[in-house]
Amino acid sequence: MEWWQTGVIYQIYPRSFQDGNGDGVGDLTGILGRVDYLSETLGVDAVWLSPFYRSPMDDFGYDISDYCDVDPLFGGLDDFDRLLEAFHDRGVRVIVDLVPNHTSDRHPWFLESRSGRDHPRREWYVWADPGPDGGPPNNWLAAFGGVAWEWDESTGQYYLHSFLRSQPDLNWRNPEVEAAMFDVMRFWLERGVDGFRLDVAHFVMKDPDLRDNPVIEPGVGAFKDMAEYGTQDHLYDKGHPDVHPLFRRMRALLDGYRSPRVAIGEIHIDDYRQWAAYYGADRDELHLPFNFRLLYADWQADAIGALVDELEAALPTGAWPNYVLGNHDEPRLATRFGPENRRLAAMLLLTLRGTPTLYYGDELGLFEVEIPPDRQVDPWGLQVPGLGRDGCRTPMPWDGTPGAGFTRGEPWLPLGPQAAAMHVAAQLEDPGSVLNLYRALLGLRRGMPSLHRGGYRRIEAPAGVLGYRREAPGAAPVAVMLNFTGEGQVVEAAGEIALSTTMNRTGTRSAGSIILAPHEGIVIVDR
Ligand code: GLC
């Protein structure tokens, strides 16, 4: 099996991980100083870095004006090389973000495309004439609010932007765009990166005829929580089948390198059968289309169990599963599922079959930070009140000093009241902390083949408890019992308790039945 199957991925949001120069914003030299935390203290196998490229920062780096350079806010290419080397020296892989769907409107490609209808780069973006009524070409909406089309006065056409108006969509039907973006990929692959996380991967191909999306009742569709955007079935503005041959070509590019490089795609599709298509008919597209369903799951044993069964059933032969419980676009899991479920969530994520992706700070059990209106900066939240993502992007608290060890300056987002008590230094001192639970889980997972590569099978458990067995040939089988209820539950399990989320009965033996505490989870080894 490959590293991206057996390993654990950790997402770093560079603005918020560690500030190295005192300007209040995290940067690459900052991360360099925390490499040992990631490789030794925590023990993750790979990091995914959210964008650090040149950008006007309208969408905090997801609006790129130069794909092949580091924004001065984060450092320079030499800092990136040093960071990559430091991770590689410790056996940690590095995945970088690739934003293929759109650039910044200040990218030279767009400036040229916009400069005139006859410019050779005109067709690098999606330009269209007004619709019959003189308005936008069709009814498509931008994910961050408003219509997806912006009128360009000087050339008399609209351009498409699936997100902010300063994030024009590239036209991937133009082979020159594909060639340019594949060159960008080669640039980073040759520097040594181990793979890409593809931003809104399935958005890159839309209906070539620009047909209207069907209008649906609000509050029922897949994007029902996204205000006006939720009033359409997004049939035509993303996910056109032509995306599959493109991903096959991209995969071939990655496969051309001797050491294995990974493609992970941000694919927001809830139907597992449709979602599974992104692995490719012959497992020749994305290695891992992100599986986001746990994020919004009903936090109940039977619902989670059913979801895992559904995923396992939908997975094509040879496809490898993965799970996500948090990222820079979602409310912190501790707030989403409640504080009493933080530990159970950690055990679930790190004991299921498939690659887990951890979001920085979730290993501390951090909550969503309430951001006062005058400190809100996320453009989505500013355009659609209530949908802001600042609360999950606050700086990582490392210690009890005024800037929490994150910065000696003024942090770009407030640290929030939790930082003072929940920082890394305090949690390392406390044997029962959430951080020490994550460390124990990561150590267990790494040490036990059944956990990092074994099969998955549900086992009998009382109502409200999710039980499953993980088993690999030649390795000790493992049973996991997760109590999703607020009451004690008696479960039948014999063996050595390798870990409990309460951290206080690890190492004891069970001969038969065990009483799980409310919200307790255990890993039992059959030996
Ligand atoms: C993805 C990113 C998100 C970004 C958006 C537009 O969803 O995860 O942070 O705002 O794409 O680039």
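Domain bounds here come from an automatic or database domain assignment. The model itself is predicted, so please keep that in mind as you go.

**Exercise 1. Find the domains and state how far apart the centres of domain 1 and domain 2 are.**

Step 1. Begin with the bounds. Domain 1 is made of two stretches, 3-100 and 175-440. Domain 2 covers 108-160, and domain 3 covers 455-525.

Step 2. Now take the centres over C-alpha atoms: those of domain 1 and domain 2 are separated by 29 Å.

**Exercise 2. Describe the interface between domain 1 and domain 2.**

Step 1. Look at who takes part. On the side of domain 1 there are 25 residues in contact with domain 2, and 17 residues of domain 2 are in contact with them.

Step 2. Turn to area. The size of an interface is often given as the accessible area lost when the parts come together. For domain 1 and domain 2 the buried area is about 1700 Å², and carbon and sulfur atoms give 65% of this area.

Step 3. Check the polar side of the interface. Between domain 1 and domain 2 there are 7 residue pairs in polar contact, while the number of salt bridges across this interface is 0.

Step 4. See which helices of domain 1 contribute. Helix H7 (175-191) and helix H13 (379-383) each supply at least two residues to the side that touches domain 2. H7 gives the most, with 4 residues.

Step 5. Sort that side of domain 1 by class: 11 residues are nonpolar, 5 are polar and 9 are charged.

**Exercise 3. Which residue forms a salt bridge with Asp59, and are the two partners buried or exposed?**

Step 1. Recall the idea behind the pairing. Side chains of opposite charge can pair when their charged atoms come close.

Step 2. Apply the cut-off, which asks for a side-chain nitrogen of Lys or Arg within 4 Å of a carboxyl oxygen of Asp or Glu. The closest N and O atoms of Asp59 and Arg389 are 3.2 Å apart, and the two form a salt bridge.

Step 3. Asp59 is in the loop between strand E3 (53-54) and strand E4 (66-70), whereas Arg389 is in the loop between H13 and helix H14 (419-422). The pair links distant parts of the chain, 330 residues apart.

Step 4. Compare each value with the cut-off for buried, under 20% relative accessible area. Asp59 has 5%, so Asp59 is buried. Arg389 has 6%, so Arg389 is buried too.

**Exercise 4. Work out how the side chains of Arg505 and Glu520 meet.**

Step 1. The side chains of Arg505 and Glu520 meet in a salt bridge, with 2.9 Å from N to O.

Step 2. Arg505 is in the loop between strand E18 (495-500) and strand E19 (509-510), and Glu520 is in the loop between strand E20 (513-516) and strand E21 (521-525).

Step 3. Glu520 has a relative accessible area of 1%, so Glu520 counts as buried.

**Exercise 5. What is the phi of Met57, and which residue's side chain reaches its backbone nitrogen?**

Step 1. Most residues other than glycine have a negative phi.

Step 2. Met57 has a positive phi, near 65°, and is a residue other than glycine. Met57 is found in the loop between E3 and E4 and, at 12% relative accessibility, counts as buried.

Step 3. Ser55 lies in the loop between E3 and E4 as well. The side chain of Ser55 reaches the backbone nitrogen of Met57 at 2.8 Å.

Step 4. Leaving aside neighbours within four places in sequence, Ser55 is in contact with Gly61, Asp63, Ile64, Ser65 and Asp71. At 10% relative accessibility, Ser55 counts as buried.

Methods: Residues are numbered from 1 along each chain as its sequence is written. This is a predicted model: local features need pLDDT of at least 70, side-chain atom pairs count only at pLDDT 80 or more; totals for chains, interfaces and linings use all residues. Side-chain values use heavy atoms; hydrogens and water are left out. Contact means heavy atoms within 4.5 Å. Buried area is the accessible area (1.4 Å probe) that two parts lose on being put together, summed over both. A polar contact is a pair of N or O atoms within 3.5 Å; within protein, one must be able to donate a hydrogen and the other to accept it, and residues adjacent in sequence count only if both atoms are side-chain atoms. Ala, Val, Leu, Ile, Met, Phe, Trp, Tyr, Cys and Pro count as nonpolar, Asp, Glu, Lys and Arg as charged, and the others, Gly among them, as polar. Buried means under 20% relative accessible area, exposed over 50%, partly exposed in between (1.4 Å probe, protein chains only).
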